[in-house]
Amino acid sequence: MRVLLPLLLACACAGQYSPTQPLSDETLRLARLRLAASSLFDKLPNITCTLTTERSRRESTRRKFEIIDNLRLEVGLIDGKELYAWPGSKRFDDRDLVDMVSREGTIGSGDFAIHAKSILLSGRTELKFVGEETLDGRRADRWRFHYPMATSQYMVRMPPLEGMVGYSGSLWADSTNRDLLRIEMEINEIPSHLPLKAGSKNITYERVRIGETTFLLPKDSDLTLVHGNGTESRNRTSFASCRQFTGESTVTFDDPPTDAAPKAPTVVWTLPEELAVHMKSTSDVDFTKAAVGDQLRFTVSKNATSAGQIWLPSGALVEGRIASILCTDSPVFHCFALIRLEAFSFDNKEGVMRAGLESPSVDQQLTMVATIRRSLLMLTPSIYLAPAPGLGMVFTRGGRWPKSAATVWRTLKEPGGK
């Protein structure tokens with residue numbers, strides 16, 4: 001009875017159980033599928049994974065996709081909510097994902113768990129059993145589903161416009177243990193104000209060991225959107241380095257505490273405006289393999305002083321990250337990257353770092369390719385040649401930016417700063 005009661009409840013919730021009629025095979029399969037999904041999501045702890053997305057675009061189906069950039073983020077499922085953070089961040093960002101990244105390419109969310117929960121457990125989805133199939137060597141139940149736009153929770157944002165879309169598709173679950181294996185979604189109900197013709201998303205799942213337990217988590221996903229003008233965007237995303245974390249309200253990525261003597265209380269240190277900071281990078285960077293969001297580290301190579309005071313001593317750590325990358329082989333292979341500084345620390349002091357790259361300047365960096373300088377200037381987007389405040393442009397012939405590369409940055413005024 002302990003096993004039968006939850007199964008009957010699952011049938012009743014699906015609106016497919018009547019005590020006067022025998023249960024059909026489809027009804028039993030659906031009840032077992034939803035019972036397994038409910039158990040899975042109820043037991044799923046707070047988990048974070050590293051998400052890497054390749055974003056590409058093409059002007060029409062007759063042309064090849066061209067890579068826009070690669071993104072690297074931390075995605076966390078925290079108390080049932082999907083949240084994101086840049087790698088190395090102290091906490092998850094409460095902004096929407098689309099507001100965190102460049103708007104040049106498409107970005108999508110919900111892959112970690114939201115789509116699966118909505119389809120299987122929301123009660124708003126129509127599920128119909130298709131039959132058993134073999135998927136990647138496993139016997140799998142295939143189900144067709146439809147989630148109407150009227151009750152959909154799938155938001156598509158095409159700034160400045162946004163809207164809920166309806167979708168249909170198939171899902172496959174292991175015929176024995178009911179593990180979700182794959183979801184294929186087709187966007188087929190689109191509000192008239194969205195400049196979107198069609199879209200599709202595929203998500204595959206696998207068991208991942210975290211500690212002594214295995215959890216069913218997404219392995220990869222593929223999102224394609226066809227815009228109103230015929231342009232097609234594609235995201236290819238993979239999930240890796242998943243781990244469990246604990247905490248009540250604040251999620252951090254700090255190292256676990258040690259038995260070392262307690263440190264002095266942290267002092268928030270505000271840098272003055274127009275402070276020249278000489279720095280060197282602490283490691284090689286290969287921009288052909290790097291991703292937007294990757295963290296960079298620098299050390300201050302010379303005391304940064306103003307009005308006779310040392311504001312940043314030699315050896316202070318400065319952290320930043322890659323804000324944009326452009327690598328191309330025309331007229332020769334080269335890469336442009338935009339870097340944003342974010343924070344600094346030394347002794348017990350830490351603070352926000354907002355600065356622009358002063359040296360080497362764009363002109364100084366392009367002297368190494370004087371013979372093709374004119375062609376580069378014509379082909380390169382202006383965001384690299386005239387970076388926005390708070391960004392620094394790095395140019396490399398080839399893709400490698402060497403360790404100990406010397407730079408000089410000049411601080412900008414922060415709200416509330418000096």
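Let me begin with a definition: a residue is called buried under 20% relative accessible area, exposed over 50%, and partly exposed in between, with a 1.4 Å probe and protein chains only. This is a predicted model, in which local features need pLDDT of at least 70 and side-chain atom pairs count only at pLDDT 80 or more, while totals for chains, interfaces and linings use all residues. Residues are numbered from 1 along each chain as its sequence is written, and side-chain values use heavy atoms, with hydrogens and water left out.

I turn to the disulfides. A disulfide is a covalent bond between the sulfur atoms of two cysteines; the criterion here is a pair of cysteine sulfur atoms within 2.5 Å. How many does a search of the whole structure find? There are two disulfides, and they follow the pattern 1-2, 3-4, with bonded cysteines counted along the chain.

Cys327 is joined to Cys335, at 2.1 Å from S to S. This link is right-handed, with 110° about the S-S bond. Is Cys335 buried or exposed? Cys335 counts as buried because its relative accessibility is 0%, whereas Cys327, at 31%, is partly exposed.

The other bond is between Cys49 and Cys242, with the sulfur atoms 2.0 Å apart. The link of Cys49 and Cys242 is also right-handed, at 115° about the S-S bond. It connects distant parts of the chain, 193 residues apart: Cys49 belongs to strand S1 (residues 47-58) and Cys242 to strand S12 (residues 232-244). Strands (E, at least two residues) and helices (H or I, at least four) are DSSP runs numbered from the N terminus. Both of these cysteines, Cys49 and Cys242, are buried.

Next, the aromatic rings. Rings of Phe, Tyr and Trp (its six-membered ring) pair if their centres lie within 6.5 Å; planes under 30 degrees apart count as stacked, over 60 as edge-to-face, and the rest as tilted. The whole structure contains 11 aromatic pairs. One of them is Phe336 with Tyr384, a tilted pair at 5.8 Å centre to centre and 40° between the planes. Phe336 lies in strand S20 (residues 334-346) and Tyr384 in helix H7 (residues 382-385), 48 residues apart. Phe336 also pairs with Phe395: the centres are 5.0 Å apart and the planes stand at 55°, so this pair is tilted. Phe336 and Phe395 are both buried.

Elsewhere, ring pairs link Phe145, Tyr147, Tyr154 and Tyr167 into a cluster. Thank you for your attention.
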